[in-house]
Amino acid sequence: MPNKLLLIFAIILLFTLTLVIVSSTTDQSNMIPGKNHVMFNLTEPFYVKDLIKWNPQISVVSFSKENKTIGFVNLYNGVGDDFIIENNQEYEIILSKNIYLVLPPGTQYINLEV
Amino acid sequence: MTKTFFISLIFLIIFISFLIPGVSAAHYIIGFVNNANDGTSANGHSIVLWNPSKGINDNKTDIIGETGNSGTDNLYMIDCELLNNSCKIGDTLNLKVHNNGDYHVSNNVSVTITGAGYDIAPNITLGSLFNITMVSVDDDITSPPNEIDLFTATNRTVTCSAIINDSEGVGIKNATARFFDNISSSFSQGDNGNLHYSNNSCYINSSYGINESLILCNFQVAYYANSTYWNCTMSITDNNNATKNGSSHSFINPLLSIQVNDTLDFGSFNGVGVSPEVVLNVTNYGNVKINLSLYGYGMYIDDGNAMNCSSAKNISIMYEKYNLTTTNPGNLNLGSFESKYINLTSNSVVNNFNLGFRTDNNFNIAIKSTYWRIYLPSGISGSCSGNIVFGASQLAGI
């Protein structure tokens with residue numbers, strides 16, 4: 001009986017892990033209205049203001065750093081810190097509609113959240 | 001079996017939650033703060049956001065303008081998800097500019113959290129501080145203005161007044177004032193009848209006008225307060241604890257006033273001769289150093305007599321004499337009488353007396369003695385009486 005339980009547990013765990021990994025690393029996926037969490041694979045860093053210029057459907061881009069949120073809002077020609085988008089940093093992008101992000105050539109992103 | 005399965009499932013969910021990468025989340029509240037009506041810039045002031053249902057202790061702040069999160073003049077930007085009780089769709093949050101030391105604050109505004117990427121709060125206008133206008137200080141005789149005439153040997157009410165224009169309607173909480181000699185004293189000095197007066201509870205008429213208050217600060221100013229320019233500085237505090245000062249000047253006029261307590265009674269004596277010395281004390285009840293003017297008459301001014309007598313003959317003015325500095329007790333012959341005393345005259349003469357004014361808050365020791373004798377010539381009999389007129393003068397004496 002304990003072996004049977006252990007087997008069921010292992011199967012569920014394997015299934016769930018597969019699901020999580022597949023769903024959280026959807027490369028270059030369509031981004032949905034609302035909150036999206038992405039990481040970029042950049043050849044050259046760029047300013048968030050440029051990202052919004054290329055993608056005017058973006059409402060807000062933000063990231064967390066040392067228990068603070070640094071953000072840039074697509075309002076009044078841009079409100080907030082015009083920070084640099086970098087590799088290995090998770091960003092929250094809030095969109096007003098479905099888009100595929102327009103990025104500089106060679107730049108890729110990973111949509112981390114379903 | 002079922003129980004074991006669910007326990008395993010819960011364990012699994014906890015395990016999975018550790019596998020999912022840490023997710024940042026933000027929901028910005030953005031708003032515009034207009035400069036104050038008095039011209040004070042909103043930039044650099046601090047704005048606070050809180051959820052009233054959770055209490056103001058759970059709050060987030062931002063600096064308005066370029067040095068804050070927004071990086072833009074007059075704008076602020078606060079992530080409400082950083083509240084300890086993170087904001088959720090439908091929450092109503094409050095915002096206000098709070099006091100960062102200059103007492104410019106604002107009224108609260110509210111914003112409701114939506115599902116959009118951010119929310120824009122209603123515009124806020126930075127509050128203005130109240131203005132102190134029409135500060136004046138005077139006695140109840142307002143013409144000529146800014147001149148104060150003290151009363152002899154008592155106090156005079158001096159009123160320092162101002163009108164407060166409180167356009168934000170914050171309300172005035174407290175008003176104090178200091179009235180002080182602008183040359184020899186200062187705002188912070190302790191009280192002293194010559195130099196400094198305090199009123200820590202001025203009258204506030206909050207219904208004086210629309211958003212206007214009348215402030216009245218009374219001082220009971222003593223007769224010996226220095227004759228010079230005086231400053232009244234009012235310190236007004238509103239209900240936000242903002243404090244402003246306003247001041248005005250006025251001149252306390254010289255008060256020349258003396259009191260001579262006693263009648264001059266040479267007593268009774270027989271025959272020709274010089275009377276014993278009689279002492280008369282003169283007290284300064286003014287606020288300036290004085291000399292003494294003196295003249296005398298028997299029955300009528302300028303009648304040439306010191307005393308009018310019931311006999312046919314009167315005592316001539318030249319026979320009544322004084323010394324304003326030195327006593328000469330005992331019997332005197334006529335020669336000493338002539339040399340040690342000065343003739344009283346029918347016309348007023350100003351004599352050096354140098355009697356200072358009161359400088360002690362508890363006692364008036366501005367008192368000096370004068371010494372008098374009279375010569376009784378032959379032919380005088382019966383009773384005699386006369387008048388000596390004492391006057392205080394700032395003129396140079398002889």
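Here is a short walk through this structure, which is a predicted model.

The average pLDDT of chain A is 82, and 76% of its residues score at least 70. Confidence is highest in strand β6 of chain A (residues 79-80), with a mean of 96, and lowest in strand β1 of chain A (residues 26-27), with a mean of 44. Residues 18-27 of chain A have a pLDDT below 50, and this stretch makes 12 contacts in the model beyond near neighbours in sequence.

Now let's stop at one residue of chain A. A:I70 sits in strand β5, which covers residues 68-73 of chain A. Leaving aside residues up to four places away in sequence, A:I70 touches A:S62, A:F63, A:K65, A:D81 and A:F83. A:G80 lies 10 residues from A:I70 in sequence, and their C-alpha atoms are 7.9 Å apart in space.

Next comes chain B. Which domains make up chain B? They are domain 1 (25-125), domain 2 (131-252) and domain 3 (258-393). Taken over C-alpha atoms, the centres of domain 1 and domain 3 of chain B are 84 Å apart.

Strands of a sheet pair through backbone hydrogen bonds, in either a parallel or an antiparallel way.

In chain B, 5 strands make an open sheet with mixed pairing, in the order β10-β17-β16-β12-β13. At its edges are β10 (147-148) and β13 (196-199) of chain B, each of which pairs on one side only. Strand β12 (residues 172-181) and strand β16 (residues 229-238) of chain B pair in the antiparallel sense over 9 bridges. You can find one such spot where B:F180 stands opposite B:N231 in β16(B).

Our last stop is strand β22 of chain B, residues 305-309. Strand β22 pairs in the antiparallel sense with strand β23 (residues 315-316) of chain B over 2 bridges, and a hairpin of 5 residues joins β22(B) to β23(B). Here B:N305 has B:S316 as its bridge partner in β23(B). β22(B) also pairs in the antiparallel sense with strand β28 (residues 384-385) of chain B, over 2 bridges. In that pairing, B:N308 stands opposite B:S385 in β28(B).

How values were computed
Residues numbered from 1 in each chain as written. Chains lettered and ligands numbered in written order. Predicted model: local features only at pLDDT ≥ 70, side-chain atom pairs only at ≥ 80, totals over all residues. Domains from an automatic or database assignment. Pairing = 2+ DSSP bridges. Helix = DSSP H or I, 4+ residues; strand = E, 2+ residues; numbered from the N terminus. Contact = placed C-beta atoms within 7 Å. pLDDT = per-residue confidence, 0-100.
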